[in-house]
Amino acid sequence: MTSLSLPPNNLNHTQKKIIDAAIICVKQWGVAKVNLNDIAKEAGVTRPTVYSYFRNRDEIIQQALLQSAYLFGAKTIKHLQKFETARERTIEAIIYSLKKLPKEPSLALLKNTGMSDIINNKGLSTPEGQQILRGLFQIILIGKSLTDDELDEIAEVVARFMLSLLTIKGPKKRNDKELRGFIERRLIPSLGL
């Protein structure tokens, strides 16, 4: 299995500090209460310094989500290397993500209810976000003959399914075996796997 193609890391030390500061601020106060002054103070830089790299707060948060998503995708692919089939890799990618995403510093922001607009408008629907999903699913579904449109649709369905499991409490708690069965029965047939 090949590795996920990561974008070049063009972020300098100051940009990384600003992104890390934004994550800390959003976790502490929620996205609605965080402003550029908070982020600048937490990063130990001036507001003009923040503006020299980013247009606004949402752009900082978007960049944090995208960078973290690339890195998380690479970890996921490494985990999936021991699974033989596209079906198994899809199920295990969801299980792995459900366990690990809440522990990822900036991706944990996905569970912040104030983040829904940013995620919807500037997250996975952006060209960068679609590139992450497409790259991940090209590897998960390796060996399957799929058009780019089919690949994008599968990635979208899985991402939506997984995000709903992350953010919406179901009627019953499932252990890993039950969750694998649930995914096998309800999601896998819709993907044609």
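Colleague: In the lining of the second largest pocket, how many residues are nonpolar, how many polar and how many charged?

Modeller: This is a predicted model, in which local features need pLDDT of at least 70 and side-chain atom pairs count only at pLDDT 80 or more, while totals for chains, interfaces and linings use all residues. Residues are numbered from 1 along each chain as its sequence is written, and side-chain values use heavy atoms, with hydrogens and water left out. Ala, Val, Leu, Ile, Met, Phe, Trp, Tyr, Cys and Pro count as nonpolar, Asp, Glu, Lys and Arg as charged, and the others, Gly among them, as polar. On that scheme the lining divides into eight nonpolar, two polar and six charged.

Colleague: How much space lies in this second largest pocket?

Modeller: A pocket is an open set of points on a 1 Å grid over the protein atoms alone, where a 1.4 Å probe fits and protein lies on both sides within 12 Å along at least five of seven lines; lining residues have an atom within 4 Å of a point. The volume is the space filled by probe spheres set on the points, which are joined across faces, edges and corners, and here it comes to about 510 Å³.

Colleague: Which residues of the lining are the closest to the centre of the second largest pocket, and which helices each supply at least two residues of the lining?

Modeller: Of the 16 residues that line the pocket, the closest to its centre are Leu165, Lys172, Lys173, Arg174 and Leu179. Helices here are DSSP runs (H or I, at least four residues) numbered from the N terminus. Those that each supply at least two residues of the lining are helix H5 (86–100), helix H8 (148–167) and helix H9 (176–186).

Colleague: Over the face of which residue does Arg174 lie?

Modeller: A charge sits over a ring if NZ of Lys or CZ of Arg is within 6 Å of the ring centre and within 35 degrees of the ring normal. At 3.9 Å from the ring centre, Arg174 lies over the face of Phe182.

Colleague: Why does Arg87 count as partly exposed, and what is its relative accessibility?

Modeller: Arg87 lies in helix H5, and apart from neighbours within four places in sequence it is in contact (heavy atoms within 4.5 Å) with Glu184, Ile188 and Leu193. Buried means under 20% relative accessible area, exposed over 50%, and partly exposed in between (1.4 Å probe, protein chains only). Arg87 therefore counts as partly exposed, because its relative accessibility is 31%.

Colleague: How far apart in space are the C-alpha atoms of His79 and Tyr96?

Modeller: His79 lies in helix H4 (residues 57–80) and touches Glu92 and Tyr96, not counting residues up to four places away in sequence. Although 17 residues separate His79 and Tyr96 in sequence, their C-alpha distance is 8.0 Å.
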